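Hello,

Here is the structure for your files. My notes on it follow below.

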Amino acid sequence: MKFRLADLDKPIIIVKAKVNGKGPFNFAVDTGASVTVISRQTAEKLGILENPSTPKKGHCCGGEIDMSPITVKSVQVGDVEAKNIPAALMDLSTISKCVGTDLEGIIGHSFMKDYLVVIDYPNNVISFEKPQAKKL
């Protein structure tokens with residue numbers, strides 16, 4: 001499935017995503033993110049709750065960050081959908097300010113791991129495709 005990139009003037013790739021069937025929301029695509037992230041503000045709108053017994057810290061770029069691990073029922077970009085995926089709740093307001101866009105989430109490895117992801121900057125397109133089975 002191919003998608004037009006939202007805004008090439010921004011230093012990140014933005015796609016429209018649905019979470020648990022609701023949205024669309026502005027999600028950045030981050031090939032270096034280990035999990036998909038949902039902003040705390042978006043999670044509140046969706047009624048996604050943190051588990052009070054889970055740790056509220058994670059690690060990123062060699063440092064500690066405030067985050068809460070969760071599992072999301074579904075994340076969908078166009079017709080491409082991942083179900084029951086690991087995710088994290090984080091405050092994305094600082095990143096949103098830096099990139100000049102209100103980010104509501106980040107598409108990470110937990111979403112992309114089952115797809116061939118192709119970023120075609122000259123044609124302003126990103127695609128998520130199921131890879132062909134390997135032939136022996």
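Which residue lies over the face of Y115? K130 does, at 4.7 Å from the ring centre. A charge counts as over a ring if NZ of Lys or CZ of Arg is within 6 Å of the ring centre and within 35 degrees of the ring normal.

A note on the source: this is a predicted model, where local features need pLDDT of at least 70, side-chain atom pairs count only at pLDDT 80 or more, and totals for chains, interfaces and linings use all residues. Residues are numbered from 1 along each chain as its sequence is written, and side-chain values use heavy atoms, without hydrogens and water.

Now the rings. There are two aromatic pairs (Phe, Tyr or the six-membered ring of Trp, centres within 6.5 Å; planes under 30 degrees apart are stacked, over 60 edge-to-face, the rest tilted). F111 and Y115 are stacked, because their centres are 5.9 Å apart and their planes at 25 degrees. F111 and F128 sit with centres 5.6 Å apart and planes at 90 degrees, so that pair is edge-to-face. F111 is in helix α3 (residues 109–112) and F128 in strand β11 (residues 125–129), so the pair ties together parts 17 residues apart in sequence. Helices (H or I, at least four residues) and strands (E, at least two) are DSSP runs, numbered from the N terminus. Ring pairs link F111, Y115 and F128 into a cluster.

Both F111 and F128 are buried (under 20% relative accessible area; exposed is over 50%, partly exposed in between; 1.4 Å probe, protein chains only). Y115 is buried too, at 15%.

Best wishes
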